[in-house]
Amino acid sequence: MISFLLILLLWCIAAYVTRSYWMPKVEDLRDRLRYSRLPFFRSEDDGSFEQNIEEGLSSSTFDLNQNLLDGDERHGIENADELRKIMKKYRCNFDQARLIHQQNKMKANGIDPRTGVPIDPKAVYFG
């Protein structure tokens, strides 16, 4: 009994010391195993507006229902997969995911997302 408790104590100490290594992997596994709505019906493209609405990619400030009523024949929201990943990763709503996605695009293009000014110190702009 004492040896079992000693082994358990050593295992707990080792798990605590190495938690920075294995915790991100556990979180990634948990995110992959979390229920996602009808994953087997998703196609490689961004889908249609109906699919986007069913997957929660619509809000009061970005209403896709009007596109359906107008008979819009486009293929749906661009970068829908990226928005789904952001919503899942940060556990945020559609509008917040759109904001995060836009800020990431601005950062990638060398623009400060808070001010809209180029980050490059050599940039010349006229105001």
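## Thr 61 in its loop

Thr 61 lies in the loop that connects α3 (49-54) with α4 (65-69); helices here are DSSP runs of H or I with at least four residues, numbered from the N terminus. The model is a predicted one, in which local features need pLDDT of at least 70 and side-chain atom pairs count only at pLDDT 80 or more, while totals for chains, interfaces and linings use all residues. Residues are numbered from 1 along each chain as its sequence is written, and side-chain values use heavy atoms, with hydrogens and water left out.

Thr 61 counts as exposed because its relative accessibility is 59% (exposed means over 50%, with a 1.4 Å probe and protein chains only).

## Contacts of Thr 61

Beyond its neighbours within four places in sequence, Thr 61 is in contact with Asp 95 and Arg 98 (contact means heavy atoms within 4.5 Å). Thr 61 and Asp 95 are 34 residues apart along the chain, and their C-alpha atoms are separated by 7.7 Å.

The side chains of Thr 61 and Asp 95 are joined by a polar contact of 2.9 Å, that is, a pair of N or O atoms within 3.5 Å, one able to donate a hydrogen and the other to accept it. A polar contact of 3.2 Å links the side chain of Thr 61 to that of Ser 59.

## Packing of α5 and α6

The axes of α5 (residues 80-90) and α6 (residues 94-108) come within 9 Å and cross at roughly 110°; axes are lines fitted to C-alpha atoms over the stretch in contact, with angles running from 0 to 180 degrees between N-to-C directions. The two helices, α5 and α6, are therefore roughly perpendicular (65 to 115 degrees). Residues making this contact include Leu 83 and Ile 86 of α5, and Phe 94 and Arg 98 of α6.

Notes:
Angles under 35 degrees count as roughly parallel, over 145 as roughly antiparallel, 65 to 115 as roughly perpendicular and the rest as oblique. Buried means under 20% relative accessible area, exposed over 50%, partly exposed in between (1.4 Å probe, protein chains only).
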